[in-house]
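Here is a short tour for anyone who likes to look at charges and packing side by side. Have the model open and follow along.

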Amino acid sequence: MVEYRIDRGSGVPAYVQIVDQTERALRMGTLKVGDKLPTAREVVAATAINPNTVLRAYRDMEQAGLVELRRGLGTFVTRSLARPGAEGDSPLRREITDWTARARAAGLERADVLALVTAALDAYDDERDTHTPGDRERKKEDA
């Protein structure tokens, strides 16, 4: 089961944090189709946020087709976002876990680690965008 953490200092609304954390758990395979999400009451007890905030997050996820609210039974996952290589026992997951441990041991805070990963992803995407298949073909013709 997912345990939500709300960072009140982040500037990100609590309901968005719940959606983001649920999507992350779906991508990582921590949550699977059929799994039950914590009740609004459980989330409120663990995070001290307003119940309507939890319900808004759950409604947003229902509209996105990720969960189904079953009156009297709870909220259940209806769709996975997991991709190969994201599972908890995958080599990529182990590598990023080891790298994260080294980054934290070097004194980097969560925001620093996220900034590094975001910068690396941006650089990778920029590189891919400037080297489209058409560009590669033109370079071969110019050579």
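E68 and R70 are joined by a salt bridge, and their closest N and O atoms lie 3.0 Å apart. Keep in mind that this is a predicted model. How many salt bridges does the count come to? The count comes to one salt bridge.

Are the two partners buried, exposed or partly exposed? E68 has a relative accessibility of 34%, so it counts as partly exposed. R70 is also given 34%, and R70 therefore counts as partly exposed.

| Residue | Relative accessible area | Class |
|---|---|---|
| E68 | 34% | partly exposed |
| R70 | 34% | partly exposed |
| D122 | 41% | partly exposed |

Now for the charged surface. Which residues gather in a patch of negative charge there? They are D122, D125, D126, E127 and D129. D122 sits in helix 5, which covers residues 110–130. Residues need over 30% relative accessible area to join a patch, and D122, at 41%, is partly exposed.

Let us turn to the packing inside. The largest nonpolar core is made of 22 residues. Within this core, I18, L37, Y58 and M61 have the most contacts. Two or more core residues come from each of helix 1 (14–28), helix 2 (40–47) and helix 3 (51–63). Which element provides the largest share? That is helix 1, with six residues.

Note on methods:
Residues are numbered from 1 along each chain as its sequence is written. This is a predicted model: local features need pLDDT of at least 70, side-chain atom pairs count only at pLDDT 80 or more; totals for chains, interfaces and linings use all residues. Side-chain values use heavy atoms; hydrogens and water are left out. Patches are made of residues with over 30% relative accessible area and no salt bridge: like charges are joined within 9 Å, nonpolar side chains (Val, Leu, Ile, Met, Phe, Trp, Tyr) within 5 Å. Accessible areas come from the Shrake-Rupley method with a 1.4 Å probe; for residues, only the protein chains shown count as cover. A salt bridge is a side-chain nitrogen of Lys or Arg within 4 Å of a carboxyl oxygen of Asp or Glu. Lys and Arg count as positive and Asp and Glu as negative; His and the chain ends are not counted. The place of a charge is taken as NZ of Lys, CZ of Arg, CG of Asp or CD of Glu. Helices (H or I, at least four residues) and strands (E, at least two) are DSSP runs, numbered from the N terminus. Buried means under 20% relative accessible area, exposed over 50%, partly exposed in between (1.4 Å probe, protein chains only). A nonpolar core is a set of buried Ala, Val, Leu, Ile, Met, Phe, Trp, Tyr and Cys residues joined through side-chain atoms within 4.5 Å.
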